Every structure is written in structure tokens, then in C-alpha cells.
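Please look over this model with me. My notes follow, point by point.

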Amino acid sequence: NAITYDGGKGQRFYEQGGAMGYGALTRHGSGPGYEIVTGDATPAYARELLKAERSLVYLQPNLILVYDNLASQIGRQWEWNIHSLNAMNVTSDSKVSIQSNGQTLCVEVLNGPPRRFEQTDRFSAERSGTHPRHWHGKFYSTEALPATEFIVLLNVGCTASTASATKTNGVWNVKVNDKTVQIADGAI
């Protein structure tokens with residue numbers, strides 16, 4: 001579910017010229033009822049991006065806040081990807097849900113660039129064998145931007161929750177139920 005851009009371009013992998021694109025975990029922290037981890041995947045994009053950082057905040061017992069901070073030297077159409085064994089139920093260009101074997105996941109973009117959502121069960125290259133089809137969804141920016149941020153809430157079980165993300169003076173305040181997560185200068 002990594003970030004792609006400009007129609008599916010993404011991280012370098014071994015099949016692309018025999019070189020691996022590596023990233024690094026840069027931060028981890030925890031406290032009562034939460035865990036935070038941040039990774040820097042910038043090197044994995046083979047010098048195409050200036051910044052590709054992702055933070056995950058696990059708000060126990062079932063919520064995961066995903067923060068992506070992205071930058072490039074040129075304007076890009078940014079793509080936030082999600083995958084599923086089944087077709088996703090689309091509520092809006094900011095909200096989808098996934099159901100599989102009695103389990104549910106609700107995905108909500110709380111803030112990010114102006115966007116649309118689309119999904120397909122096709123791969124960019126046909127797979128060999130007789131594997132079942134998978135669904136690939138993406139929230140993509142409707143305009144080319146040199147930098148952007150995505151704040152996405154994953155709600156395992158699609159429980160009743162309230163969430164919002166607002167930015168004031170360069171600081172994000174993300175409210176999820178009775179908790180507030182602050183993001184400033186890319187740090188949570």
C-alpha cells in the first residue's frame with residue numbers, strides 16, 4: 001500500500017535493474033494506548049522524490065492513523081494505494097470500506113490534496129498461474145503538486161468514530177474520538 005505517483009510509478013525493486021530500493025525506520029515511540037513508528041522511504045524511490053516519509057499511529061484497540069509527507073522537484077499526481085481481495089465499497093472520493101470473511105476495514109482520507117478514488121481488479125502486468133484476482137484502489141490527486149500530505153484513518157471493524165484533521169500555523173491537529181495527534185515538521 002505504498003505511495004505511487006504519475007500513473008503508478010513507485011519504489012524501485014530488484015526486478016528493475018537488479019538494485020534494491022531501501023528505506024529506514026527513523027522513529028518509534030509508545031505510550032498508554034498508542035504506538036508510533038516513522039519510516040523514510042525516500043531512497044527507495046531512486047532519486048525521483050525529495051521526500052517520502054510515512055508515520056503510523058496505532059490507537060488501540062482498532063484505529064491506525066497513516067501520515068504521508070511527500071515532495072518532489074516537479075509537480076506530480078500523487079497516489080495513495082489500498083489493496084483488497086474483494087471490490088471496495090466506495091462512499092466518496094475520500095472514503096471506502098472493505099469486507100472479507102466477516103471482517104471489515106473502513107478507510108477515510110481525513111486530509112490531503114483534492115482527490116478522486118478509483119479501483120480495478122487488473123494488474124499492470126498479467127500474472128501467471130490461476131490465482132484469484134485482487135482489487136487495487138487508489139486515492140489520487142486531481143492536480144500535479146510538488147509536495148503534499150495525506151492523513152488517512154484505517155478503522156478495523158468500521159466502529160463508530162469521529163475524526164478530523166486541521167492545520168493551523170504549520171501544525172496538524174488530528175482528532176480521533178477522544179484523542180488528539182499533533183504533527184509538526186513531519187514529526188508526530
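1. Is Asp 178 buried or exposed? The model is predicted, and in it Asp 178 has a relative accessible area of 68%. The cut-off for exposed is over 50%, so Asp 178 counts as exposed.

2. Asp 178 also has a charged partner. It forms a salt bridge with Lys 179, with the closest N and O atoms 3.7 Å apart. Lys 179 is partly exposed, at 33% relative accessibility. In general, side chains of opposite charge can pair when their charged atoms come close.

3. Now the sheet. Three strands form an open sheet in the order S13-S14-S15, and the pairing is antiparallel. Strand S13 (163–168) and strand S15 (179–184) are the edge strands, each pairing on one side only. On average, neighbouring strands are turned by 15° against each other, direction ignored.

4. Look at one pairing in detail. Strand S14 (residues 171–176) is joined to S15 by six bridges. Lys 175 stands opposite Thr 180 in S15.

5. Back to charges. The salt bridges number seven. One of them links Arg 76 and Glu 48, whose closest N and O atoms are 3.3 Å apart. Arg 76 lies in strand S5 and Glu 48 in the loop between strand S3 and strand S4, 28 residues apart. Arg 76 is buried at 6% relative accessibility, whereas Glu 48 is partly exposed at 39%.

6. Asp 68 and Arg 54 meet in another salt bridge, 2.8 Å from N to O. Asp 68 sits in strand S5 and Arg 54 in strand S4, 14 residues apart. Asp 68 is buried, at 2%. Arg 54 is partly exposed, at 24%.

Terms used. Residues numbered from 1 in each chain as written. Predicted model: local features only at pLDDT ≥ 70, side-chain atom pairs only at ≥ 80, totals over all residues. Heavy atoms only, no water. Pairing = 2+ DSSP bridges. Helix = DSSP H or I, 4+ residues; strand = E, 2+ residues; numbered from the N terminus. Axes fitted to C-alpha atoms, helices over the stretch in contact; angles between N-to-C directions. Salt bridge = Lys/Arg side-chain N within 4 Å of Asp/Glu carboxyl O. Buried < 20%, exposed > 50% of the residue type's maximum accessible area, 1.4 Å probe, protein only.
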